[in-house]
Amino acid sequence: MKPTTCLICGKSDGELLARYDHDPYHRHLDHLKEVPVTYVVCKNRGFVYTNPMLDEQELTTLYGEKLRPSAPDPGYLKANERFICNGINRSRVGASVSPR
């Protein structure tokens, strides 16, 4: 884990908002099972973030090996790629949208 600052203004004067002792994601990383997640709120921007936050290696391990041990189904990826490339018709907000 690494100390961090507000991602909006870059200042480090965040105020403690909450501490979560049993984070469901940390339990997947052996060295963080007992480490709480601390949420802070930026005094300047009101942005809420974790401090400290997971470092690059921890994120890679968590999202690469622990939570997604294999690649997603290629058909699923292809369908979503087409959907994203075609965009969303804003006049249909709230309506069901399916890939073309």
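Student: Leaving aside its neighbours within four places in sequence, which residues is Ala18 in contact with?
Tutor: Ala18 is in contact with Val37, Thr38 and Tyr39, where contact means heavy atoms within 4.5 Å. This is a predicted model: local features need pLDDT of at least 70, side-chain atom pairs count only at pLDDT 80 or more, and totals for chains, interfaces and linings use all residues. Residues are numbered from 1 along each chain as its sequence is written, and side-chain values use heavy atoms, with hydrogens and water left out.

Student: Where is the place of Ala18?
Tutor: In strand β1; strands (E, at least two residues) are DSSP runs, numbered from the N terminus.

Student: How far apart are the C-alpha atoms of Ala18 and Thr50?
Tutor: They are separated by 9.5 Å, with the two residues 32 apart along the chain.

Student: Why does Ala18 count as partly exposed?
Tutor: Because its relative accessibility is 33%. Buried means under 20% relative accessible area, exposed over 50%, and partly exposed in between (1.4 Å probe, protein chains only).

Student: Now His26. Buried or exposed?
Tutor: His26 is buried, because its relative accessible area is 4%.

Student: Where does His26 lie?
Tutor: In the loop between β1 (15-20) and β2 (37-41). Beyond four places in sequence, the contacts of His26 include Met1, Leu54 and Val37.

Student: And Tyr25, where is that?
Tutor: Tyr25 is also placed in the loop between β1 and β2. Tyr25 is partly exposed, because its relative accessible area is 41%.

Key. Helices (H or I, at least four residues) and strands (E, at least two) are DSSP runs, numbered from the N terminus.
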